[in-house]
Structures are given as structure tokens and as C-alpha cells.
Amino acid sequence: MTITNAIKAVTKAGFTVEKNGILYTASKAGCKNVVEFMQNGREDIITCVGIRSTNDRSDSMIDYCATRFCRSLKQAIQLA
């Protein structure tokens, strides 16, 4: 899936999208989870689709990954 299509899909589901480098985070008011996905290198496709709790963050110093990875963006939207 292209980044443009992914942004359209999460926006259609009521999420707002923020970009931080190659990481895209989609959040919705009143929702306890956020949807995250990354740009795959220089290509215009997404990878590493997942959800995490709004207040949780990954920490590479202690090898903690807060993201629960999903099979597709559709699944991530449903779980969020």
C-alpha cells in the first residue's frame, strides 16, 4: 500500500495523521490506541504497521517495543 493511500484510509476512519521522519502516527480523540506505520526506505510504500497505547513509547535502551504489529492497515484500524 502506498503512503498516500494509507493516509487516506486512516483519515477516512476518523484519525489525524502526524509525520515524524519516516514514522507516521494516526490518532483519534477518545481512542486509547494509535496506529503507526513507517515509510519503506525511499519507496512510497508502508511497512511495520502496528498499534500501541497512546501513553506508551518504545525504548531501545532497555529493548522494549510498545508496538503490537498487525498484518494490514485495515487490521490496525479495527484494533485501534
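Predicted model: local features only at pLDDT ≥ 70, side-chain atom pairs only at ≥ 80, totals over all residues.
G14 and G30 are separated by 16 residues in sequence, and their C-alpha atoms are 11 Å apart in space.

Now follow the chain into strand β3, where N33 lies. Is N33 buried or exposed? With a relative accessible area of 6%, N33 is buried. The side chain of N33 is joined to that of R68 by a polar contact of 3.4 Å. Apart from neighbours within four places in sequence, N33 is in contact with I51, R52, S53, T54, R68, L79 and A80.

E36 also has its place in strand β3. E36 is buried because its relative accessible area is 8%, and the cut-off for buried is under 20%. Which side chain makes a polar contact with the side chain of E36? The partner is R52, at 2.7 Å. Leaving out residues up to four places away in sequence, E36 touches L23, Y24, T25, C48, V49, G50, R52 and T67.

## A stacked aromatic pair

How many aromatic pairs does the structure hold? There is one. The ring centres of Y24 and F37 are 5.3 Å apart and the planes are at 10°, so this pair is stacked. Distant parts of the chain are linked by the pair: Y24 sits in strand β2 and F37 in strand β3, 13 residues apart. Both Y24 and F37 are buried.

In soluble globular proteins, nonpolar side chains tend to be buried together. Here, the largest nonpolar core has 15 residues, and V35, F37 and L73 have the most contacts inside it. Which elements each supply at least two residues of this core? They are the helices α1 (3-12) and α2 (73-79), along with the strands β2, β3 and β4 (46-53).

F37, then, belongs both to the stacked pair and to this core. Not counting residues up to four places away in sequence, F37 touches A6, I7, I22, L23, Y24, I46, T47, C48, V49 and L73. Among these neighbours are Y24, its ring partner, and L73, another of the residues with the most contacts inside the core.

Key: Residues numbered from 1 in each chain as written. Heavy atoms only, no water. Helix = DSSP H or I, 4+ residues; strand = E, 2+ residues; numbered from the N terminus. Buried < 20%, exposed > 50% of the residue type's maximum accessible area, 1.4 Å probe, protein only. Polar contact = N/O pair within 3.5 Å; in protein donor to acceptor, adjacent residues only side chain to side chain. Contact = heavy atoms within 4.5 Å. Phe/Tyr/Trp six-rings, centres within 6.5 Å; stacked < 30°, edge-to-face > 60°. Core = buried A, V, L, I, M, F, W, Y, C linked by side-chain atoms within 4.5 Å.
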